[in-house]
Amino acid sequence: MSQINQSSIWQSLSQHKKDIESISLREMFHKDKDRFNQFHIQLNDLLLDYSKHHISKETIKLLVNLAKEADVEGWRDRMFKGEIINSTEHRSVLHTALRNQNNKSIMSDGEDVMPKVRNVLKKMRRFTDEIRSGQWKGYTGKAITNVINIGIGGSDLGPAMVCQALKPYGLKTITPFFVSNIDGADLSQVLEKCDPETTLFIVASKTFTTQETMTNAFSARNWFLKKVGDNSQIKKHFVALSTNQYAVAEFGIDTENMFEFWDWVGGRYSLWSAIGLSIALYIGIDHFEELLKGGFEMDEHFKTAPIEENIPMIMGLLGIWCINFFDLPTHAILAYDQDLSKLAPYLQQADMESNGKFINRNGEHVNFHTGPVLWGEVGTNGQHAFYQLLHQGTEIVPADFIMPIQSHYAMGKDGNEHHKILLSNFIAQTQSLMIGKTYDEARAEIEKQGYEGEDIESFIPQKTFEGNRPTSSILFQKLTPKTLGQIIAMYEHKIFTQGIIWNINSFDQWGVEYGKQIAKQVLPKLSEKTPTTDFDGSTNSLINYIKKYQ
C-alpha cells in the first residue's frame, strides 16, 4: 500500500494550499460575513468554532475526501466493534467500552466485556461510598482524609487532571495527592502532609511491576509500617489497581481490594477504568459516572455524525492541514480556566505518545510529519509568558482556546468580574491572532499616542502583526463532569483520526519501553566500584562522573 501523501487527494490538497495561502484570514472574513456559521459545529452546549483557520469550503471538501481515502470511518467502526486494531500488541482498543451507556454487547476475543466493566463499576461504588461516608476506618478507627494515588503516565496524568478540573465537585473532607516521579522528592513531599492513620494509598500498575510505581509503592509501605509496625494493617490503607493478583497479595494488599482492568485499556486511555478510582473517591461515583456519560455522548457523536459535521474528525483534519500542508509541527492547548491547568500535560501524553512515530502500520518509514509537539498553559498566565511568540514569532503555532462561559467561582463585582475579564481576553486573543495589525493601523495608533517624526517610522515595524495565526475556539456552558468527559473523548478521537490518516498505530508506545530498557542496563553500573566501560564514551563518562561524586 502506498503512503497517503502519494494519493491524488493529497496532491489536490497540496495544490489547494498554494491557491489559498495568499488570501489572508482577515480578507476571508471581510468577504464572507457568514463565515462563522459555515465553520462551526455544536454538540449540546459544546461549541467548536474553526472559522479562524486558513480554510474555505473547498478545503473542507478536500479534507473530508482525505479522511475517506484513509478509511477513517471504517477504522473507527472496527475500533468500536472490538477488532484488533492495535496490531503490534495484538489487542483490541476498547476504552470506549468503559463508558458505554447502552445495553449492547461489546466483544473482544469472542467475549462480551460489558459484564466485567459493570462489575468493576459496582465494586468501585461500594468502596468509594464506604470511604466517603467514613464507614471505612483506618487502623486506629479514624476515617480516611488523604488519598495518595501512586502511578505513572496514564495512571497518574488522567486522574490528576480530572481531580483538578472537577475540584468544585470534590468532597471537602478528602484531599487527593498524586505521586508519579521516581525522584524521592515527589513522594517525600506528599508524605510530609499526611498521617498514616488517615491515609489511603492507591497503587496503580497493571502488571504490578512498573519500576517507578512499585519503587514509590514500597517506599510508601515502608513509611507506613515504620509508623504502624503491623503488616496486617496494610489492608486497611492500601488498595491496588492491577491484573496481577499474586504480586498484589505478595505486597500485602488484600486481593478483595484489587480493582481489575484489562489489556485492551491503554494507559493513556485508562482514566475511565478502575484507574479512575481516585477520581470517584474525590468527586463521588455519581459524578464519575457523569464523566463516563459525557465520554459516551462524544463517542456516539463520533460514530454517527458525517465527517463534515463531526467535531473530532474536523479537529483531526485541521491538524493534518496545519501540520502536513502548512508545515506547522507544534500545537498549543490554551485553556482559559484555572481548573484545567493540567489539561495540556495530560494531552501531551495522549497525543505525543500516540502519534509521535515515524514507522507506519506496514513497518515502513513515514516520509511526512506525524504527531505535533503539543504544549500549553492556562490563560491569562500564558499571555504574559509565550504569547509574544504566538503573535510575532517566526514560528506559527496553531492553538486550541478552551473556555467555559460560566465559572464555578464568584469573584469581584457582581461575582462575575473576574470571569468577564477572562472571557474578554479569550475572545481578544483569537481575534488579534487572526487579523493582525497592518502598517497603516500601527501608524494611526502611534500617532494617536502622540509620537511624531522619526519616532513613528522606527516604531511602526514593532507594532505591526502579520495575523493569519490559526486558532480553534472551544466553548461550553460550565465545566461539569459530563462536559469534561466530552472534551477528553473529543481529543481521544481527534488523535485517532490523525493516526489513521498517517497510517500509524496510535495505541503502542515502544519509544517509552526502549528508554526503560536502557535504564535497566545503566542502574547496576551506578553501584559498581570499578569504572564503567560498557557503553559509548559519553555514557561511560557520565556514569563514572556520577559514581565519583555521589
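Biologist: Which strand holds Thr-199?

Modeller: Thr-199 sits in strand 7 (residues 199-204). Helices (H or I, at least four residues) and strands (E, at least two) are DSSP runs, numbered from the N terminus. This is a predicted model, where local features need pLDDT of at least 70, side-chain atom pairs count only at pLDDT 80 or more, and totals for chains, interfaces and linings use all residues. Residues are numbered from 1 along each chain as its sequence is written, and side-chain values use heavy atoms, with hydrogens and water left out.

Biologist: Why is Thr-199 called buried?

Modeller: Buried means under 20% relative accessible area, exposed over 50%, and partly exposed in between (1.4 Å probe, protein chains only). Thr-199 has 0%, so Thr-199 is buried.

Biologist: What does Thr-199 touch?

Modeller: Beyond residues up to four places away in sequence, Thr-199 touches Ile-144, Asn-146, Ile-148, Cys-194 and His-237. Contact means heavy atoms within 4.5 Å. A polar atom of the Thr-199 side chain also lies 2.6 Å from the backbone oxygen of Asp-195.

Biologist: What makes Lys-357 and Asp-508 a salt bridge?

Modeller: The term asks for a side-chain nitrogen of Lys or Arg within 4 Å of a carboxyl oxygen of Asp or Glu. For Lys-357 and Asp-508, the closest N and O atoms are 2.8 Å apart, so the pair is a salt bridge. Lys-357 lies in the loop between helix 14 (343-355) and strand 11 (373-376), and Asp-508 in the loop between helix 19 (481-502) and helix 20 (510-522), so parts 151 residues apart in sequence are tied together.

Biologist: Are the two residues, Lys-357 and Asp-508, buried or exposed?

Modeller: Lys-357 has a relative accessible area of 16%, so Lys-357 counts as buried. Asp-508 is at 5%, so Asp-508 is buried too.

Biologist: How do you know that Arg-125 and Asp-286 form a salt bridge?

Modeller: Their closest N and O atoms are 2.8 Å apart. The pair links distant parts of the chain: Arg-125 is in helix 6 (residues 114-133) and Asp-286 in helix 12 (residues 285-304), 161 residues apart. Arg-125 is at 28% relative accessibility, so Arg-125 counts as partly exposed.

Biologist: How many salt bridges does the structure hold?

Modeller: It holds 24. Arg-99, Asp-299 and Glu-492 are linked in a network of them.

Biologist: Why is the aromatic pair of Trp-10 and Phe-325 called tilted?

Modeller: Rings of Phe, Tyr and Trp (its six-membered ring) pair if their centres lie within 6.5 Å; planes under 30 degrees apart count as stacked, over 60 as edge-to-face, and the rest as tilted. Trp-10 and Phe-325 have ring centres 4.7 Å apart and planes at 40°, so the pair is tilted. Trp-10 lies in helix 1 (residues 8-20) and Phe-325 in helix 13 (residues 311-325), so the pair ties together parts 315 residues apart in sequence. Trp-10 and Phe-325 are both buried.

Biologist: Which residues form one aromatic cluster?

Modeller: Tyr-139, Phe-201, Phe-208, Phe-218, Trp-223, Phe-224, Phe-238 and Phe-251. The structure holds 26 aromatic pairs.

Biologist: How do you know whether the radius of gyration agrees with a compact globule?

Modeller: The radius is taken over C-alpha atoms, and the globule rule is 2.2 Å times the number of residues to the power 0.38. For 550 residues a compact globule would be near 24 Å; the protein chain has 26 Å, which agrees. Of those 550 residues, 52% count as buried.

Notes. Polar contact = N/O pair within 3.5 Å; in protein donor to acceptor, adjacent residues only side chain to side chain.
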